[in-house]
Amino acid sequence: MLPPFIVLDPILEEWLREDIGRGDRSTNGLFPDGNAPIGKAVWIAKADGVIAGLPIAARVFQLLDRSVNFVAIAQDGKPVKSGELIAEITGSLATLLMGERVALNLVMRLSGIASTTAEYVKAIASSQTRLVDTRKTIPGMRLLEKYATFIGGAINHRYGLDDAVMLKDNHIAAVGGITDAVQRVRGNIPFTTSIEVETESIVQVKEAMQLNLDVIMLDNMPLSMMREAIALIRQHSQHTKIEASGNITLTTIAQVAELGVDYISTSAMVTRSPWLDISMRIKT
């Protein structure tokens, strides 16, 4: 869901400060007395895709001037076509010009993520498998990038290291084995915290199965090994969830989902997504 503005405002304000710096020389040069007239701008999609981030864009303009009226014509999570009207913005021309780049950059970035996510979701729509994002996000952008994957149809994995326990290969290597890692962690976390363990072989899967875990991840396994691992886990426990991860692409995701995993996690929605091109035009 959209993070509350009490959390987002400091982030957005910092990005505005970065862009504006000591002052917008272009806009201030046009309106040196600070009395810019009221004007209107429109946002137009320049490519097909899924929109995400319009409420955040509205907030960017309103942080500069509370009187700005941002009317979203499109809706977050809905597809748009190239040439389609996305939003209409009315306010001081100085504010519209000053907030343009930060607001547009955010929506283009988030819409690109939502659009790519929607493609992955569509590829596994005939299965019961759910698409899950990862922590491979740009520092400072995680809340918004995960919002975009959610808007695109995925569900969110951990937002941070404090959300749940996930013991990956390096955690396991640090203490010498899966069993030791899980036992150590169990004695040092709240009882409500879920535990997931990453496995890379059938030997590791068999060890993890004995530990009453919430989730077992099958990482970078070939399909044949993954099929064997799923059969073993399902035979042993009906409550343990199975997550597949590693080198998941649009060409392989359907094959993995057909094996019957509960979740497929991939960073591709964020790391491989192009921006969705959107332009702003001042109407005079």
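This is a predicted model: local features need pLDDT of at least 70, side-chain atom pairs count only at pLDDT 80 or more; totals for chains, interfaces and linings use all residues.
Residues are numbered from 1 along each chain as its sequence is written, and side-chain values use heavy atoms, with hydrogens and water left out. Local features need pLDDT of at least 70 and side-chain atom pairs count only at pLDDT 80 or more, whereas totals for chains, interfaces and linings use all residues.

Secondary-structure elements are DSSP runs numbered from the N terminus (helices, H or I, at least four residues; strands, E, at least two). Two packed helices are described by the angle between their axes and the distance between the axes. The axes of helix H1 (residues 5-20) and helix H3 (residues 54-64) come within 10 Å and cross at roughly 65°; axes are lines fitted to C-alpha atoms, for helices over the stretch in contact, and angles run from 0 to 180 degrees between N-to-C directions. In the contact (heavy atoms within 4.5 Å), Phe5, Leu8, Asp9, Leu12, Glu13, Leu16 and Ile20 of H1 meet Pro55, Ile56, Arg59, Val60, Leu63 and Leu64 of H3.

The open sheet comprises six strands in the order S6-S11-S10-S9-S8-S7, with parallel pairing; strands pair if DSSP finds at least two bridges between them. Strands S6 (130-132) and S7 (165-167) each have a single partner strand and stand at the edges, so one side of each lacks a neighbour in the sheet. From one strand to the next, the twist averages 25°.

Buried denotes under 20% relative accessible area, exposed over 50% and partly exposed in between (1.4 Å probe, protein chains only). Val215, Met217 and Asp219 point one way from S9, while Ile216 and Leu218 point the other way. In a regular strand the side chains alternate between the two faces of the sheet.

S9 runs parallel to S8, to which four bridges join it, and Thr199 stands opposite Leu218 in S9. Five bridges join S9 to S10, also in parallel, with Glu243 in S10 as the bridge partner of Met217. Helix H7 (residues 178-186) lies across S7 and strand S8 (195-199), at about 165° to S8.
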